[in-house]
Amino acid sequence: MKKIVSVFLALVLVLSAVSALAGKSANTNDVYQKTTAEEGKFTVDPDSKKAAELLEMLKESDSVDEFFGDVITADGSTATLSELLGSDDLVVNEFVGVSYEGPTDKLIKAAITVPSVYEKDEKVIVVIGIIDGEEVTWYAFEGKVESVDSNSSTIIVELTPELFKAMQDKECVIAIVSVNAD
C-alpha cells in the first residue's frame with residue numbers, strides 16, 4: 001500500500017509577480033508547512049534565481065498553455081494543461097523553486113499545503129519543472145484538494161518514481177495550476 005508522505009513545502013510565493021495569470025490571492029509572507037516523514041522531503045528554495053526568471057517568463061506569456069507547452073503526465077504521455085483541466089481559462093497560484101530528497105523507486109502520495117484557498121475536492125494540476133541548463137521539462141500530476149481552511153489548502157497528489165529519478169541533482173520548480181474560478 002502506498003504511504004502518504006507529508007511534504008514540507010514552505011511556499012513563500014511571489015503571487016504578485018503572476019498577477020496577470022493568477023486568480024486567487026494569498027499573503028506572500030505566509031509560510032505553511034507539514035511535518036515531514038522520513039520517506040521523502042521537498043525543500044522549497046524561495047531565493048531560486050531560475051524560478052524567478054521562469055516566473056517572469058510566465059508573467060509575459062499570453063497563456064498558461066503557451067508557457068508550459070506540452071507536459072509529461074503520470075502515464076508518460078503528453079498533453080496541455082488546458083486538456084488536463086478541461087478549460088482554457090487557467091491560473092497559476094503557486095510557483096517556487098524546490099528540491100527533493102528521498103526514495104526514487106516507488107509511487108509516493110504527497111500532501112502539499114499551499115497558501116491559496118481552493119474549493120474542497122477541486123481538481124488542480126501539480127506541475128514540476130526539471131531544469132537542465134536552459135531547458136525545462138514539465139511534468140504534470142493531477143491533484144485533489146483534500147482540506148481547506150481560511151488561509152491554506154492541502155492538495156493530495158501521487159508522484160512517480162520516474163519524476164523523482166529525473167529530479168535528482170537538478171534544480172526544479174513546482175507550480176499549482178487550476179481553472180480560474182472568477
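## About the model

This is a predicted model: local features need pLDDT of at least 70, side-chain atom pairs count only at pLDDT 80 or more, and totals for chains, interfaces and linings use all residues. Residues are numbered from 1 along each chain as its sequence is written, and side-chain values use heavy atoms, with hydrogens and water left out.

## The aromatic cluster

Helices (H or I, at least four residues) and strands (E, at least two) are DSSP runs, numbered from the N terminus. Phe67 counts as buried because its relative accessibility is 13%; buried means under 20% relative accessible area, exposed over 50%, and partly exposed in between (1.4 Å probe, protein chains only). Setting aside residues up to four places away in sequence, Phe67 touches Leu54, Met57, Leu58, Ser61, Phe95 and Trp138, where a contact means heavy atoms within 4.5 Å.

The structure holds 8 aromatic pairs. Rings of Phe, Tyr and Trp (its six-membered ring) pair if their centres lie within 6.5 Å; planes under 30 degrees apart count as stacked, over 60 as edge-to-face and the rest as tilted. Phe67 and Trp138 form a tilted pair, at 5.6 Å centre to centre with 55° between the planes. This pair links distant parts of the chain, with Phe67 in helix H2 and Trp138 in strand S8 (residues 135-148), 71 residues apart. Trp138 is buried, with a relative accessible area of 6%. How do the rings of Phe68 and Trp138 pair? Their centres are 4.7 Å apart and their planes stand at 80°, so this pair is edge-to-face. Because Phe68 lies in helix H2 and Trp138 in strand S8, the pair ties together parts that are 70 residues apart in sequence. Phe68 is buried too, at 3% relative accessibility. Together, Phe67, Phe68, Phe95 and Trp138 make up one aromatic cluster.

## A buried serine in a loop

Ser87 is found in the loop between helix H3 (81-85) and strand S5 (90-101). Is Ser87 buried or exposed? Ser87 is buried, since its relative accessible area is 18%.

A polar atom of the Ser87 side chain lies 3.0 Å from the backbone nitrogen of Asp89. Leaving out residues up to four places away in sequence, Ser87 touches Ser82 and Val179.

## The nonpolar cores

In soluble globular proteins, nonpolar side chains tend to be buried together. The largest nonpolar core here has 26 residues, and those with the most contacts inside it are Phe42, Val126, Ile128, Ile155, Leu159, Leu163 and Met167. A nonpolar core is a set of buried Ala, Val, Leu, Ile, Met, Phe, Trp, Tyr and Cys residues joined through side-chain atoms within 4.5 Å. Elements that each supply at least two residues of this core include strand S2 (41-45), strand S7 (123-132), strand S9 (153-159) and helix H4 (161-167).

Leu163 touches Ile128, Ile130, Tyr139 and Phe141, not counting residues up to four places away in sequence. A second, separate core has 21 residues, among them Ala51, Leu85, Val173 and Val177.

## Salt bridges

Side chains of opposite charge can pair when their charged atoms come close. The whole structure has 7 salt bridges, each defined as a side-chain nitrogen of Lys or Arg within 4 Å of a carboxyl oxygen of Asp or Glu. One of them joins Glu53 and Lys50 (3.7 Å, N to O). These two are separated by about one helical turn because they are 3 residues apart in helix H1 (residues 49-60). Glu53 is partly exposed at 45% relative accessibility, whereas Lys50 is buried at 14%.

Lys120 and Asp121 also meet in a salt bridge (3.9 Å, N to O). Lys120 is exposed at 52% relative accessibility, while Asp121 is partly exposed at 46%. The side chains of Lys123 and Glu142 form a salt bridge as well (3.7 Å, N to O). Lys123 lies in strand S7 and Glu142 in strand S8, so this pair ties together parts that are 19 residues apart in sequence. Lys123 is partly exposed, with a relative accessible area of 34%, and Glu142 is exposed, with 53%. Finally, salt bridges that share partners join Lys50, Glu53 and Glu134 into one network.

Note on methods: Polar contact = N/O pair within 3.5 Å; in protein donor to acceptor, adjacent residues only side chain to side chain.
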